[in-house]
Amino acid sequence: MDYRKKFLVEPGSRVHLDEIDPSYTGKQDEASARAIVQDRVERLQRLQYLLYAENKRSVLIVLQAMDAAGKDGTIRHVLGVMNPQGAYVHPFKEPTPEEAAHDFLWRAHRVAPARAQVGIFNRSHYEDVLVARVRDLVPKDVWSKRYDRIVEFEKTLAQANTHIMKFYLHISADEQLRRFKARLEDPHRQWKISESDYADRAYWDDYMRAYEAALEKTSTDRAPWYVIPANHKWFRDLAVSKIVVDTLESLDMQYPPPSVDIEEIKRKYHAAKDDAEAQTPRD
Ligand code: ATP
Ligand code: MG
């Protein structure tokens with residue numbers, strides 16, 4: 001199954017999140033999905049090594065979702081396997097006073113991945129058309145102009161050889177409540193609960209409309225959105241890992257040729273080895 005096609009938000013198409021089943025697992029069973037994720041995770045490590053070696057392009061992965069939908073879990077199980085030398089996660093929290101004193105893209109652009117790097121945005125510049133819209137943090141006249149700016153910004157990154165993938169992890173309101181309850185009862189997870197989690201639930205439908213608008217207006221060929229059914233964590237990991245690996249494989253990256261004459265260095269190596277052996281006293 002080509003998840004890059006199945007879960008893609010076709011550029012220019014309408015999105016109705018109510019009609020997308022967050023519990024979807026297709027014909028996949030959990031045990032074989034876990035084995036596939038394991039394989040994809042290993043491939044992802046090799047592909048990131050290649051991206052780093054090739055030193056020609058970068059990758060930006062955007063994760064957006066309601067609270068408890070699994071952004072952290074996706075990072076822990078799938079994306080977090082990458083070598084920290086070439087990959088990083090940037091969480092987008094409420095803007096600091098310095099961030100808030102700039103245009104909304106300033107903080108995103110500063111942390112966009114440099115060549116050979118993979119940047120993972122845990123939340124992103126999309127918060128400025130999601131929470132900002134739903135909670136009336138700025139007037140409509142302000143947030144409504146941001147979609148075009150986002151498309152332009154992502155185009156700028158793409159033209160600088162940044163490959164962009166954006167994931168909306170789609171859970172149901174019921175599943176979110178189940179996960180909140182599990183957090184309430186688990187002393188190791190209680191720290192994750194915040195006031196705003198429950199407050200945001202009251203705006204669930206508004207958030208869905210805001211997500212639909214963002215997905216419709218900003219899914220482009222070079223910065224596509226994928227809507228990932230995420231009620232089942234194992235399926236979420238499967239879908240994300242497959243899409244990321246398939247995308248990186250489609251880039252057909254190549255190791256750069258060595259910058260030195262390998263045959264010459266081999267000759268030197270053998271000569272040095274012969275010398276060392278000649279000098280080693282034998283008993
Ligand atoms: P977790 O809860 O798993 O630790 P999180 O991403 O929810 O991860 P929090 O610190 O709970 O982290 O929440 C970050 C908060 O910052 C969210 O409520 C989000 O909506 C808010 N936020 C992010 N960007 C903006 C923004 N541009 N304007 C206003 N609020 C924002
Ligand atoms: Mg939170």
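How much space lies in the largest pocket?

## The pocket

About 1,400 Å³, where the volume is the space filled by probe spheres set on grid points joined across faces, edges and corners. A pocket here is an open set of points on a 1 Å grid over the protein atoms alone, where a 1.4 Å probe fits, with protein on both sides within 12 Å along at least five of seven lines. This is a predicted model, so local features need pLDDT of at least 70 and side-chain atom pairs count only at pLDDT 80 or more, while totals for linings use all residues. Side-chain values use heavy atoms, without hydrogens or water.

## Its lining

The lining (residues with an atom within 4 Å of a point) takes in 49 residues, and Asp67, Lys71, Phe92, Lys93 and Arg123 lie nearest the pocket's centre. By type, that lining splits into 22 charged, 18 nonpolar and 9 polar residues. H3 gives the most, with 5 residues.

## The ligand

Ligand 1 sits in this largest pocket, meaning more than half of its atoms lie within 2 Å of the grid points. Its shell has 9 charged residues, 4 nonpolar and no polar ones. Of the 13 residues around ligand 1 (a heavy atom within 4 Å), Asp67, Lys93, Arg107, Arg123 and Glu127 come nearest.

Now for polar contacts, pairs of N or O atoms within 3.5 Å. Oxygen atoms of ligand 1 lie 3.0 Å from a side-chain N or O of Asp67, 3.0 Å from a polar side-chain atom of Lys93 and 3.3 Å from one of Asp72. Taken alone, ligand 1 exposes 630 Å² (Shrake-Rupley, 1.4 Å probe), and the protein buries 83% of that.

Definitions and conventions
Residues numbered from 1 in each chain as written. Chains lettered and ligands numbered in written order. Polar contact = N/O pair within 3.5 Å; in protein donor to acceptor, adjacent residues only side chain to side chain. Nonpolar A, V, L, I, M, F, W, Y, C, P; charged D, E, K, R; others polar. Helix = DSSP H or I, 4+ residues; strand = E, 2+ residues; numbered from the N terminus.
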